[in-house]
Amino acid sequence: MDQNTQLKLTQMRNIIQNLGSSTENCGDLMLERFLIARSMDPNKAAKMFVTWQKWRASFVPLGYIPDSEVMDQLDAKKIYLQGLSKDGHPVMIVKGSKHYPAKDQPQFKKFVVHLLDKVIASGFKGKEIGNEKLIGVLDLDQIGYKNVDARALITGFQFLQAYYPERLAKCYLLNMPWFFVSVWRLVSKFLEKATLEKNLQAKTGRIRLC
């Protein structure tokens, strides 16, 4: 880590303290994710971090979302972990054909957090370092109109942007049918430039993870 980044991290820690929060259990690599997400601006990064802390304390008071709170989503068996990529990132595959729009949106949001926490944790080597990333693969093979859920995609990406900064290494859309193009265009309008630059790629065949 270069000297300039270290300086910005020190400034960020001081600002967080002035905002009435603490970074006592947070390493530099974790805080650096917030800095990167806010273009290395210590003030913006500190505010983002404090917002994240408050959200985490409120939305995930136990520190995790129990399986029992998201069983309807888990029973669909639409998520698969595919080991680690060549760069050591856990690979999450979402089978779009097994997804149906959720009737219970609060539960679905809990499912998103449950899922992201579990996938990220699967990449830990002993203990969390703070800058672990994941690769997401949305497999749209055999998807029908009944499976289309722009709201779910927007929710997932917005959670990544707001509460899991710099956790997404890459995202692939696999086997995308023609009618899904307009859905993806809609979803893209809700994505930050940094998210769109995460090598988001639409593919029609098999992918090679790297």
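Reply: Domain bounds come from an automatic or database domain assignment. Here the protein is divided into domain 1 (3-59) and domain 2 (69-199). This is a predicted model, in which local features need pLDDT of at least 70 and side-chain atom pairs count only at pLDDT 80 or more, while totals for chains, interfaces and linings use all residues. Residues are numbered from 1 along each chain as its sequence is written, and side-chain values use heavy atoms, with hydrogens and water left out.

Me: What area is buried between domain 1 and domain 2?

Reply: The size of an interface is often given as the accessible area lost when the parts come together. Buried area is that loss, taken with a 1.4 Å probe and summed over both parts. Between domain 1 and domain 2 it is about 1200 Å², and carbon and sulfur atoms give 63% of it. On the domain 1 side, Arg 33, Trp 55 and Phe 59 lose the most area to domain 2, together 47% of what that side buries. Contact means heavy atoms within 4.5 Å; 12 residues of domain 1 are in contact with 16 residues of domain 2.

Me: Which residues touch the most other members of the largest nonpolar core?

Reply: In soluble globular proteins, nonpolar side chains tend to be buried together. A nonpolar core is a set of buried Ala, Val, Leu, Ile, Met, Phe, Trp, Tyr and Cys residues joined through side-chain atoms within 4.5 Å. Buried means under 20% relative accessible area, exposed over 50%, and partly exposed in between (1.4 Å probe, protein chains only). The largest core has 53 residues, and Met 12, Phe 49, Phe 157, Phe 180 and Val 187 touch the most other members. Helix α5 (residues 105-121) gives the most to this core, with 8 residues. The core draws at least three residues from each of domain 1 and domain 2.

Me: Why is strand β4 described as largely enclosed?

Reply: Helices (H or I, at least four residues) and strands (E, at least two) are DSSP runs, numbered from the N terminus. Strand β4 (residues 168-174) has 7 of its 7 residues buried, so it is largely enclosed by the rest of the structure. Two strands pair if DSSP finds at least two bridges between them; β3 (residues 134-139) and β4 pair in the parallel sense over 6 bridges. Leu 168 in β4 is the bridge partner of Leu 134.

Definitions and conventions. Buried area = accessible area lost by both parts, 1.4 Å probe.
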